[in-house]
Structures are given as structure tokens and as C-alpha cells.
Amino acid sequence: MKLLIKNARLLDPATETDKKGSLAVAKGRIVAMGRKPNDFTPDKEIDAAGRWACPGIIDLGARFREPGLEHKAAIAGEARAAAAGGITTVCYPPDTDPVIDTSAVVELIHRRADASGRIRIHPIAALTRGLAGEYLAEMAELKEAGCVAAGNAGRPIVNTQILRRALEYAASVGLPVFIQPEDSFLRNNGVAHEGAMSTRLGLPPIAETAETVALQQALLLVEQTGVRAHFCRLSTARSAAMIGAAKKSGLPVTADAAVANLFLTDMDIDGYNTDCHLIPPLRGQADRDALLRGVADGTIDAVCSDHQPHDFDAKAAPFSLSEPGASTLEVLLPLMLERVQRKAMTPLQMLRCLTAAPAAVIGLESGTLRKDANADIIIVDPDRSWTVDREAMLSSGRNTPFHGWEMSGRVTHTILGGRLVFEG
Amino acid sequence: MTADNIQLDDQGRLKHFLSTEGLSRQLLTEILDYAESFAGVSGRAVKKVPLLRGRTIVNLFFEASTRTRTTFELAAKRLSADVLNLNVDASATSKGESLQDTLHNLEAMHCDMFIVRHNNSGAAHFIARQVAPGVAVINAGDGRHAHPTQAMLDVFTIRRHKPDFESLKVAIVGDIMHSRVARSEIHALKGLGVNDVRVIAPRTLLPAAIETLGVQVHDRLEEGIDGVDVVMMLRLQRERMHGALLPSENEFFNTYGLTEKKLRAAKADAIVMHPGPINRGVEIDSRVADGNRSVILQQVSHGIAIRMAVMAMTMGRKPGGEEAEE
Amino acid sequence: MTTIDTGEIEQFLTTMARQLEDYLVERGFGDPGIIGIHSGGVWIAQALHRALALESPLGELNIAFYRDDFSRIGMHPRVTPTNLPFEVEGRHIILVDDVLYTGRTIRAAMNEIFDYGRPASIGLAVLIDRPDARELPIQADVTGKSLHLQPNEHVKLHGPEPLALEITTTNDG
């Protein structure tokens with residue numbers, strides 16, 4: 001189908017484009033950006049006056065719970081929610097059940113994604129079998145099956161020698177590694193950021209060093225092994241500083257932060273609000289502010305949703321017994337738009353964290369509006385206000401910490417490979 | 001600083017008793033005054049009053065505790081209520097299923113009050129949010145968060161000996177980090193106007209940012225209890241040696257254990273308290289525990305009056321509030 | 001609002017003392033236990049105790065825990081506890097209150113007395129009786145003064161010195 005999006009403000013961080021114009025799409029690819037080619041006769045036109053046209057969002061960490069946790073959510077449903085949130089590509093952490101350590105699981109995920117027709121899923125392979133931290137997973141086979149990276153999905157590899165070998169092997173296979181840094185001993189079964197709030201509420205604390213010690217350790221091993229490493233879901237100011245220093249010294253590392261850690265702090269768990277029970281935990285104001293600065297100046301390359309949909313029972317329990325995670329696909333972009341509204345970031349800067357930067361992390365050619373790229377495009381009305389309503393969410397997981405929040409900005413169209421997969 | 005205080009109804013009366021945090025001085029004082037009234041009942045031949053006759057009170061204990069459960073049971077019976085004792089194994093089923101299902105089953109039986117003890121911080125809050133309107137929840141201890149009735153019986157005891165809260169210096173000694181009693185104690189004391197509250201413990205047993213609760217922090221016992229009117233010793237559990245929090249009970253006793261000699265740093269008429277059960281020779285020397293400054297046994301007897309008070313207050317609160325008829 | 005002053009109250013007390021003396025003599029109750037209901041009844045009981053020069057100590061009853069309207073109005077925190085310095089078992093009791101209105105206070109008082117023991121008898125002495133307002137089958141044996149008031153009028157005894165009765169009118173019933 002030939003599609004023409006006209007009168008849009010074209011925003012493409014990868015090409016530093018910010019101008020009014022149109023996008024021509026044919027055969028699933030972008031044919032022209034800027035001015036409509038004279039010989040292009042579209043089958044469908046979208047008038048995007050007053051709105052933005054951007055690359056579809058690439059989310060480096062979202063869990064759709066298939067296979068294994070279908071009582072929480074499934075690919076078909078979450079893909080619909082993702083499309084509504086303007087997310088066209090998702091990286092799938094390996095902690096499914098079974099774990100992504102065989103090509104069969106990779107194939108299942110690809111099939112389900114294709115069947116939904118609304119999302120591209122790039123599975124992340126497990127670094128170790130069963131994510132148990134003991135034996136290496138068959139990363140070559142998993143890369144062959146289509147995995148874009150290998151990671152630990154937030155389950156620490158305690159044995160540092162095994163961690164080193166896993167990083168080396170991934171480097172050898174040519175897979176970047178996604179590391180969510182956590183020292184399990186310092187984590188000590190904690191559930192909330194170590195601070196005044198955890199003390200008041202009597203919740204087992206998670207020290208800042210649970211993240212920074214593991215990060216430091218991993219940085220040194222990355223240096224030693226030469227693997228390309230992406231550090232996931234950073235939550236502390238110190239971690240942002242450490243990444244900045246590592247980059248400065250020439251280490252090829254990248255990092256992301258979960259959107260919740262950019263907008264919430266440990267104050268939000270007051271009253272034992274289980275929707276704010278997250279891992280990594282919501283930390284202090286200084287941490288949040290440092291992460292926002294890191295995102296604005298590029299120290300932290302990408303922002304992801306860290307989407308973790310949960311069934312009702314998982315959150316209907318006393319805090320430490322509730323399962324951590326928030327359902328965030330539908331608020332990722334609207335929350336980040338707030339940064340632009342506050343003039344903390346320009347539209348291009350903001351979109352970079354959601355498109356060009358994550359694409360670079362996993363080596364995708366998409367995440368851009370340049371000619372011949374995949375036509376994964378979203379049209380955004382930056383001024384449309386709406387209120388987050390738990391009951392109106394499309395995700396099967398209603399566990400949102402943002403219920404009642406006023407948002408300004410919404411996706412009106414999502415196009416995947418040239419097909420319209422969402423219109424709102 | 002707490003989220004809307006779910007303990008209070010829209011007229012500021014107690015509808016649940018979950019924590020001493022965020023309660024006004026007036027309300028805390030009211031609890032103490034009610035307890036004074038009830039203290040007399042236990043001394044009579046007929047130790048009952050018909051206040052809660054026909055009500056059903058459920059002791060929902062997910063954490064075993066004979067002492068606390070018995071005091072609550074006695075308090076309920078002295079108010080003429082019917083009591084149901086449920087000991088639920090918290091680990092039996094997965095992740096809060098037992099909590100939800102147990103609650104729903106009990107609600108179907110129209111119980112009026114749940115007294116909850118659980119090893120998870122926030123469990124009592126969780127239950128209070130689930131129960132039907134009109135059902136009261138009393139926190140008998142949740143994880144390391146709160147043990148409000150213990151704190152109230154402690155300040156009740158203090159008030160009987162030293163009624164001028166504003167001028168008091170109070171020291172709490174021991175495993176502050178894991179202590180729900182310590183936290184509730186601090187909120188109650190501050191709420192009643194005690195300005196000088198000290199916590200004394202080795203660094204490993206002090207929780208992060210504890211000074212934000214309005215207390216001075218000491219890691220030396222003599223320094224911390226210098227000139228205090230009340231010394232409250234907390235129980236040290238054996239498990240603290242695991243997890244590298246302390247090297248030995250012996251060393252703890254030598255550095256933080258309350259002996260007659262160490263007690264001299266406090267005021268000459270200072271009282272010694274302990275929420276119990278006491279570990280003799282670990283946190284406190286027998287001679288001090290049994291000595292004439294110790295009010296530990298009084299604390300125990302005050303427990304029933306305080307529990308009767310909070311039960312009566314949370315139940316006697318139906319809409320209306322008209323003048324009493326003669 | 002009307003006030004009945006101390007002078008008139010003295011007269012009511014004299015009437016009560018006389019009636020009580022007759023009551024006790026007729027029945028041959030030599031050593032009754034006088035119990036005043038907090039707080040107005042206690043003041044009246046003290047006056048009667050003086051007037052009749054009784055030797056046995058006075059009892060003071062607080063019915064806060066026995067009221068039947070607890071669920072509706074709760075309790076007042078400061079409650080002077082009940083103090084009965086004599087054995088109730090087998091004793092002839094004179095229960096004293098300031099105003100007899102619906103009768104519920106007396107019912108609560110009797111329930112409480114029975115929790116202390118089984119009295120031989122209970123007689124009721126009240127300063128003011130409002131016979132129109134009764135909701136339970138309870139009557140006074142000794143009455144200082146009978147008042148017929150409107151439902152929206154309320155009478156309250158102030159004391160202990162000087163004793164004064166205040167009659168107020170409210171808008172609702």
C-alpha cells in the first residue's frame with residue numbers, strides 16, 4: 001500500500017531532521033522524507049497537520065509474558081498496547097518460562113509477534129542456561145535464531161569467573177550483552193531503596209551499592225573482555241556518573257534507564273503502594289534528577305519502558321510479598337513528552353533516547369525516517385491531553401503507578417512496515 | 001508525611017489502629033485516658049464489662065505469638081466480645097493468596113474486628129484496605145514496621161511514672177533496625193511531645209536515615225543514656241549473629257547490655273523498660289531487670305488496658321454521635 | 001433556658017431525705033448501701049448521706065461501660081472509675097441519680113451492680129423525675145420533684161457547689 005503522511009513536523013534524530021514535510025511510504029519502506037515525490041500516488045493519505053511524524057519507538061526492555069506467564073499477559077494483547085503507545089520494536093528480556101536459551105523459544109516468540117502483526121520483537125538470549133548463572137547458553141545458535149543480544153535479565157551471575165567467561169563468549173559470538181547490574185549479597189532480599197522511606201515503612205532495604213558495586217565489577221570485566229556492553233535499568237546517580245566516566249575513558253558501553261525511575265522516587269511507595277514496587281527500586285530525588293540529566297546529555301543513551309504487566313493478585317499483597325514491576329507501554333512516550341514541554345530536552349533529544357539510540361545499541365538499521373528504512377512510523381499529537389486511567393488501559397497489566405496522572409501528548413497513528421496498526 | 005491516614009474516619013476518630021505514626025497528641029492522649037479507665041476493670045472480681053457484647057473479634061496471627069495473642073484475647077473477653085483465634089501459617093501458600101482468601105472467608109462470617117500479626121511490613125495496612133466498611137483492624141505487629149499497642153502500653157507506663165512528656169529524655173537501646181517496637185515507640189513519644197529521644201545501637205543495627213524520624217543517634221551506651229529519664233531495652237534475636245550484624249551476644253552485652261553500673265549514667269530516678277520477652281545477660285542484666293527501677297512487669301499488666309482501650313475506640317464509632325440519653 | 005436555684009433544690013433534697021427515711025423505716029433496712037451514679041447522682045447521694053447521718057461509706061458508680069448506646073456515641077475518655085467500698089452481696093442498696101428520664105441509665109446501673117454481687121434489694125432515689133419520658137419499666141421510690149417537660153426540653157444538674165438545675169430547649173426532639 002502506498003501511504004502519504006503530509007504536513008507533519010518531521011522529527012528524525014538519526015538524521016537530525018526537524019522540519020515540516022511529508023513522508024512517502026511504499027512496500028513497507030520509506031520512499032521519501034521531506035517533499036512528496038512528484039510521481040507518487042498514494043492509496044491512503046494522512047494529514048498530520050499540527051502533529052509530529054517520528055520513527056516508531058524501540059523499547060529495549062519490555063516483557064509480554066509469553067511463554068510461561070500467560071495469566072499475566074500475552075503477546076497479542078501487549079502488542080496492541082505497545083502500538084497504542086507508539087512502540088514498534090521491543091527487546092524481550094530472556095526471563096520467560098522456559099528461558100530464552102533455545103532457538104525453539106525464539107521461534108515461538110517470533111511467530112507470536114508476526115501473528116499479532118503489530119510489533120517487532122527482538123528476543124535477548126540468556127547468557128547462561130536457565131539464567132542460573134552456571135553454564136553458558138548456546139549463544140551462537142541463539143544469535144542465528146535471531147537474538148540481538150545476550151543478557152542476565154536482572155538475575156545476577158554471582159560467580160565472577162563465570163560472568164567473565166560469559167562476557168568473553170558473547171564477545172566471541174558477536175553478541176552485545178545486556179547487563180542489569182545487581183550484587184545479590186548487597187541486595188539482601190531488599191524491596192525498597194535504602195533510605196528514610198524504607199526505614200519508616202520497615203521495608204527491607206536495597207543499598208545503592210547493590211547496583212554500583214556490581215556495575216563497577218562489570219565495567220572492569222567489560223574492559224578486560226572487550227565485549228560490547230549495554231547496562232540496563234540504571235537507578236542511581238552514582239551509576240550514571242560511572243557510565244559517564246567509563247565512556248570518557250573510551251569504553252564502548254551504553255546504558256538505559258526505565259521510564260519509571262525518571263519520574264518517580266521512593267516517596268511514591270508511601271502507604272505501601274505496590275504499584276510502585278519496582279526492581280530496580282525507585283530511589284531518591286537526587287538519583288532521579290541525575291538520571292534525567294544523564295538522559296538529557298546522552299550519558300544514558302536510551303529510555304525504555306521496562307514494561308512488566310502483572311495480574312491483580314501479584315500486586316494485591318503486602319509490599320514485600322507483591323511482585324515488582326509496572327505496566328508502562330502506554331505512558332513511555334507521554335511521560336518523555338513532558339521533558340520536552342518543560343524545555344528540559346528538545347524534541348530531537350527526547351526522541352533520540354527512544355529511537356536512534358536504542359537502534360544503535362542493538363545494531364538495527366531502523367529507528368529512523370531516512371529513505372529506504374523500514375516504514376515504522378508514529379504520528380504524535382503533542383498537545384492532546386488525557387488522564388491515565390487504570391481501567392482504560394489496553395495492556396492486560398493494570399499495574400500502573402501513574403493512575404490519575406495528567407498527560408499531554410498521545411500517539412494518533414502507528415505504522416509498522418507501512419501498515420497502519422493503530423489509530424486513536 | 002504519610003499517605004492519607006487510613007486509620008482515621010472523616011471525623012478524625014480511630015477506625016483502625018495500625019501505627020502510632022501521624023496520630024495527633026490529642027488522640028494519643030485519649031487512648032491513654034481510655035486505658036486508665038479500663039485499668040480498673042481488671043482489678044474487680046467480675047473482670048468484664050458489656051461494652052462489646054455480641055461482637056466477634058478475630059485474632060489473625062500469621063506469626064506465632066502466645067503472649068501477644070493471649071493479651072488481646074483477654075482484652076476482648078473483658079469487653080464481653082466473642083473471640084476467634086486463627087493461627088495461619090504465612091509461608092503455607094504462595095504470595096498473599098492465603099491472606100486474601102482467609103480474609104474473604106472471614107468476612108463472609110461477619111466478623112467485626114481483625115487483630116493482625118504478620119511478618120511482613122504493611123500487612124495490617126493491606127488488610128485494612130481490604131475489609132468491609134465498619135470492620136476494624138488492629139495491628140498486633142507487622143514485620144519491622146509497627147507494633148502500636150506495645151508502644152502505647154509503654155508510654156502509658158511512662159506516663160504513670162513521669163507524666164510531663166515535654167521534659168523527658170528517653171533512650172531506646174538495641175536492635176533498632178529490625179524493631180517494630182522501636183519505630184512505634186518513636187512516633188508515639190514524638191507525638192506526645194517528647195523532644196529528646198535517643199536511639200543507641202552499633203551501626204549495623206541502625207536503619208538508614210533513622211534520624212529523619214526525629215531522634216538523636218548514638219553508638220555508645222553511656223553517652224546515649226546520659227541523664228535520661230527512661231531507658232528502654234529492646235530484645236536481641238539470635239539470628240542477628242548470622243548476616244554478620246553482630247559478632248556475639250557476649251560482645252553485645254559488654255558494649256550495650258544494661259548493667260547497674262552502666263545505668264548510673266541515667267538519672268537517679270530513671271525507669272528501665274523492656275517490651276519482652278527478656279534475654280537475661282544479653283541486653284539486660286538480671287539485677288537490673290528485677291531491680292527497683294524496672295517497670296517491666298507493669299508494662300505487661302498495662303497491655304490489657306491499652307488493648308481494651310483501642311478495641312473500644314475503634315468499635316464505638318458508628319455514625320450518629322448524638323448526645324447521650326439519660 | 002430556666003434555672004432552678006439552690007434554694008429550691010434544697011427543698012427537693014429535704015423532700016427526698018424525708019421520703020428516704022420513711023422508705024428505710026417501713027422496710028426495716030438499718031444499714032443500706034447508698035450508691036450515687038456519676039456525676040450528678042454522686043452529689044445528691046452525698047447530700048442525702050449528710051442529711052441522714054449515715055455511717056456506711058458511699059459508693060460511686062460509673063455506668064460508662066454498661067450503656068446501651070455505646071455503638072452510637074462511644075465513650076468519653078476520662079472516666080472516673082466505679083468505687084464500691086462495701087460488699088454488694090445480700091445488701092439493701094439505694095441507688096441515687098439526679099434525673100430519671102428514659103430509665104436506661106438505671107438499667108445500666110443495675111446491670112453493673114449485679115456484676116459486683118447479688119443485692120438483697122435495690123431502691124431508687126432521684127432528685128428530678130420526668131415520668132412522661134420513660135422508655136423502660138422503671139420507677140423511683142424516692143422523688144425530690146416531678147417535672148412534666150416537653151420532649152425538646154432537657155434538664156441538667158450542675159454542681160457540686162452550688163447545686164443548680166438548668167432546663168434548656170433544643171430545636172429538634
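**Around helix α1 of chain A**

I started with what covers the buried residues of α1(A), and the cover includes β7 (87–92), α2 (103–116), β8 (120–126), β17 (406–416) and β18 (419–423) of chain A. I am working in a predicted model, by the way. Eight of the 10 residues of α1(A), which spans residues 75–84, are buried, so the rest of the structure largely encloses this helix. I listed the buried ones: A:Ile75, A:Gly77, A:Glu78, A:Ala79, A:Ala81, A:Ala82, A:Ala83 and A:Ala84. Just after the helix, I found A:Gly86 with a positive phi of about 80°.

Next I looked up A:Ile300, and found it in the loop between α10 (285–297) and β15 (302–304) of chain A. Is A:Ile300 buried or exposed? With a relative accessible area of 1%, A:Ile300 is buried. Beyond its neighbours within four places in sequence, A:Ile300 is in contact with A:Ala240, A:Ala255, A:Asp256, A:Ala257, A:Leu291, A:Gly294 and A:Val295. I also checked the distance to A:Pro98: 202 residues separate it from A:Ile300 along the chain, and the C-alpha atoms are 31 Å apart.

Then I moved to A:Thr212, which sits in helix α7 (residues 209–225) of chain A. A:Thr212 counts as buried, at 8% relative accessibility. Not counting residues up to four places away in sequence, I see A:Thr212 touching A:Thr236, A:Arg238, A:Ser239 and A:Met242.

**A helix pair in chain A**

How do α12(A) and α13(A) lie relative to each other? I noted that the axes of α12 (residues 332–341) and α13 (residues 347–354) of chain A cross at roughly 150° and come within 9 Å. The two helices are therefore roughly antiparallel, given that angles over 145 degrees count as such. The crossing of α12(A) past α13(A) is right-handed. From α12(A), the contact uses A:Leu332, A:Leu333, A:Met336, A:Leu337 and A:Val340, and from α13(A) it uses A:Pro347, A:Met350, A:Leu351 and A:Leu354. By class, I get nine nonpolar residues, with no polar and no charged ones.

**A helix pair in chain B**

For comparison, I opened α2 (residues 66–78) and α11 (residues 296–315) of chain B, which pack at an angle of about 60° with axes 8 Å apart. These two are therefore oblique to each other, and their crossing is right-handed. On the α2(B) side I find B:Thr68, B:Thr71, B:Phe72, B:Leu74, B:Ala75, B:Ala76 and B:Arg78, and on the α11(B) side B:Gly303, B:Ile304, B:Arg307, B:Met308 and B:Met311. This contact has seven nonpolar, three polar and two charged residues.

**The cores**

Which residues touch the most other members of the largest nonpolar core? Among its 114 residues, the answer is B:Phe38 and B:Met311. I see that α11(B) gives this core its largest share, 11 residues. There is also a second, separate core of 102 residues, with A:Ile119, A:Ala192, A:Leu291 and A:Leu351 among its members.

B:Ile115 counts as buried, at 0% relative accessibility. Its own contacts, again leaving out residues up to four places away, include B:Val58, B:Asn59, B:Leu60, B:Phe61 and B:Ala140. B:Ile115 and B:Pro275 are 160 residues apart in sequence, with 19 Å between their C-alpha atoms.

Most residues other than glycine have a negative phi, and most peptide bonds are trans. I went looking for exceptions. A:Asp306, not a glycine, has a positive phi of about 55°. It lies in the loop between β15 and α11 (312–315) of chain A, and is buried at a relative accessible area of 9%. A:Asp372 also has a positive phi, near 80°. This residue is in the loop between α14 (356–362) and β16 (377–387) of chain A, and is partly exposed at 48%.

For cis peptide bonds, I noted B:Gly276 to B:Pro277, with omega near -10°. B:Pro277 is in the loop between β9 (271–273) and α10 (286–289) of chain B. Another cis bond joins C:His38 and C:Ser39, with omega about -15°. C:Ser39 belongs to the loop between β2 (33–37) and α2 (40–51) of chain C.

Definitions and conventions
Residues numbered from 1 in each chain as written. Chains lettered and ligands numbered in written order. Predicted model: local features only at pLDDT ≥ 70, side-chain atom pairs only at ≥ 80, totals over all residues. Heavy atoms only, no water. Axes fitted to C-alpha atoms, helices over the stretch in contact; angles between N-to-C directions. Helix = DSSP H or I, 4+ residues; strand = E, 2+ residues; numbered from the N terminus. Parallel < 35°, antiparallel > 145°, perpendicular 65-115°, else oblique. Left-handed = near helix turned anticlockwise from the far one by under 90°. Contact = heavy atoms within 4.5 Å. Nonpolar A, V, L, I, M, F, W, Y, C, P; charged D, E, K, R; others polar. Core = buried A, V, L, I, M, F, W, Y, C linked by side-chain atoms within 4.5 Å. Buried < 20%, exposed > 50% of the residue type's maximum accessible area, 1.4 Å probe, protein only.
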